[in-house]
Amino acid sequence: MPIADKMVKMVESASMIRKMFEEGIRMREKYGADNVFDFSLGNPDVPPPAVVKETLLNLINNEAISHGYMPNPGYPHVRQAVADYLNKEYEVGLTSDLVVMTAGAAGALNDVLRALMNPGEDILVPAPYFVGYNQYAFVVGANLKTVASQSDFHLDLDAIQAAITEKTRVMLINSPNNPTGIVYNKAELLGLGKVLDAASEKFGKRIYLISDEPYRKISYGVDVPSVFDVYPHTIVLTSYSKELSLAGERIGYLAIHPKAEDAAMIAGAAGVANTMMYVNAPALFQQVVGQLQGVSVDIGIYKRRRDMFCEGLQAAGYEFDVPEGAFYLFPKSPIEDDIKFAGILQENNILAVPGTAFGGPGHFRLSYAVPDKTITGSFDGFKKAFDSVK
Ligand code: PLP
């Protein structure tokens with residue numbers, strides 16, 4: 001093998017979504033773009049708010065912008081702008097030295113896991129979960145240990161408590177959730193905080209909570225509680241990929257609760273981790289987002305699509321929990337074998353990702369970050385696929 005032995009498994013496991021992506025290109029060429037209904041990718045199609053372009057042009061034309069290196073954790077004024085915004089939202093008393101600008105949420109996860117994890121330690125994650133976590137765990141030599149959620153995808157606190165061992169260093173959650181669209185409520189998060197505190201005491205080792213929140217601003221009339229309020233030993237991370245539709249620009253940050261045990265040391269290590277991966281977050285877009293704290297795309301677009309999609313899928317016979325946030329639906333597969341059912345959908349020119357890829361077998365994931373007509377045009381195919389197995 002020309003590639004490292006341990007990479008072979010990673011390449012294989014990455015292939016399910018990549019295969020979908022390649023299949024989408026092949027199908028569009030064969031059937032025409034209007035006849036293929038591709039729900040496989042969470043790549044926002046809603047344009048960034050106009051103010052993004054204005055800010056970018058203003059920076060380029062009028063301000064003495066910098067293109068050089070900066071302190072590895074990011075521009076001080078941008079980190080201050082993020083800290084000010086978070087303090088306004090959550091009254092958490094953050095200082096800018098506890099904020100690290102990153103290359104998207106993926107960069108933030110890589111940084112914070114590199115800062116916290118020793119090889120062989122466990123990252124505990126509720127399943128189903130975002131597939132990228134396998135890769136981030138791999139990079140730091142940690143084990144990604146999944147713990148099943150309740151049937152409605154809320155946290156199963158008893159199962160989490162039972163899964164924690166002396167090897168657990170981090171609990172990683174994601175709300176609003178990819179792939180389920182669930183938003184964790186305050187009560188279950190408070191319960192989680194208590195479980196983590198008790199387990200840290202029991203094992204004599206601080207367990208940190210990492211909250212991956214790239215969909216925080218994409219919710220539909222429900223409260224997305226602050227994780228900072230439930231457990232001080234928390235690192236929140238996010239990106240502007242979804243809330244400003246800037247996924248390709250690779251910009252995000254992590255922020256450490258000021259009362260987290262060894263907060264300053266973790267921030268320092270995360271900043272050094274930056275230098276190991278990509279040196280610093282992209283300079284131009286740090287300067288852009290520094291001026292756009294609190295701005296987001298029009299969430300009404302995703303809500304309209306969610307409602308439209310739910311109505312069509314329900315009429316076709318599918319069962320699912322109505323998503324409260326993010327832009328994914330996670331319906332039950334009408335047959336047990338979700339990989340087989342994704343194949344049946346594909347015969348009807350519909351691309352969906354089997355739940356198995358997210359540790360959620362018996363389901364499939366649909367991203368509605370797609371034009372309205374892709375959703376409405378797919379309903380016949382969804383019905384045919386459902387009827388063919390019933
Ligand atoms: N975390 C979750 C739950 C995601 O869905 C994604 C991307 O889809 C990421 C992290 C990575 O986000 P980014 O593209 O900002 O690195």
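**Core and domains**

Mentor: Not counting residues up to four places away in sequence, Val 112 touches Ile 210, Ile 235, Leu 237, Leu 254 and Ala 270. Contact here requires C-beta atoms, placed from the backbone, to lie within 7 Å. This is a predicted model, in which local features need pLDDT of at least 70, side-chain atom pairs count only at pLDDT 80 or more, and totals for chains, interfaces and linings use all residues. Residues are numbered from 1 along each chain as its sequence is written.

Trainee: What makes a set of residues a nonpolar core?

Mentor: Such a core consists of buried Ala, Val, Leu, Ile, Met, Phe, Trp, Tyr and Cys residues joined through C-beta atoms within 7 Å; buried means that 20 or more other C-beta atoms lie within 10 Å of the residue's own. The largest nonpolar core has 111 residues, and Val 112, Leu 237, Leu 254, Ala 255 and Tyr 368 have the most contacts inside it. Helix H5 (residues 104-116) gives the most to this core, with 8 residues; helices are DSSP runs (H or I) of at least four residues, numbered from the N terminus.

Trainee: Why is this core said to lie between domain 1 and domain 2?

Mentor: Domain 1 (5-48 + 298-389) and domain 2 (68-290) both give residues to this core, and therefore it lies between them. The domain bounds come from an automatic or database domain assignment.

Trainee: How many residues of domain 1 are in contact with domain 2?

Mentor: In domain 1, 28 residues are in contact with 30 residues of domain 2. Helix H11 gives the most to that side of domain 1, with 4 residues.

Notes. Two residues are in contact if their C-beta atoms, placed from the backbone, lie within 7 Å. Helices (H or I, at least four residues) and strands (E, at least two) are DSSP runs, numbered from the N terminus. A residue is buried if 20 or more other C-beta atoms lie within 10 Å of its own, exposed if 12 or fewer, and partly exposed in between; C-beta atoms are placed from the backbone.
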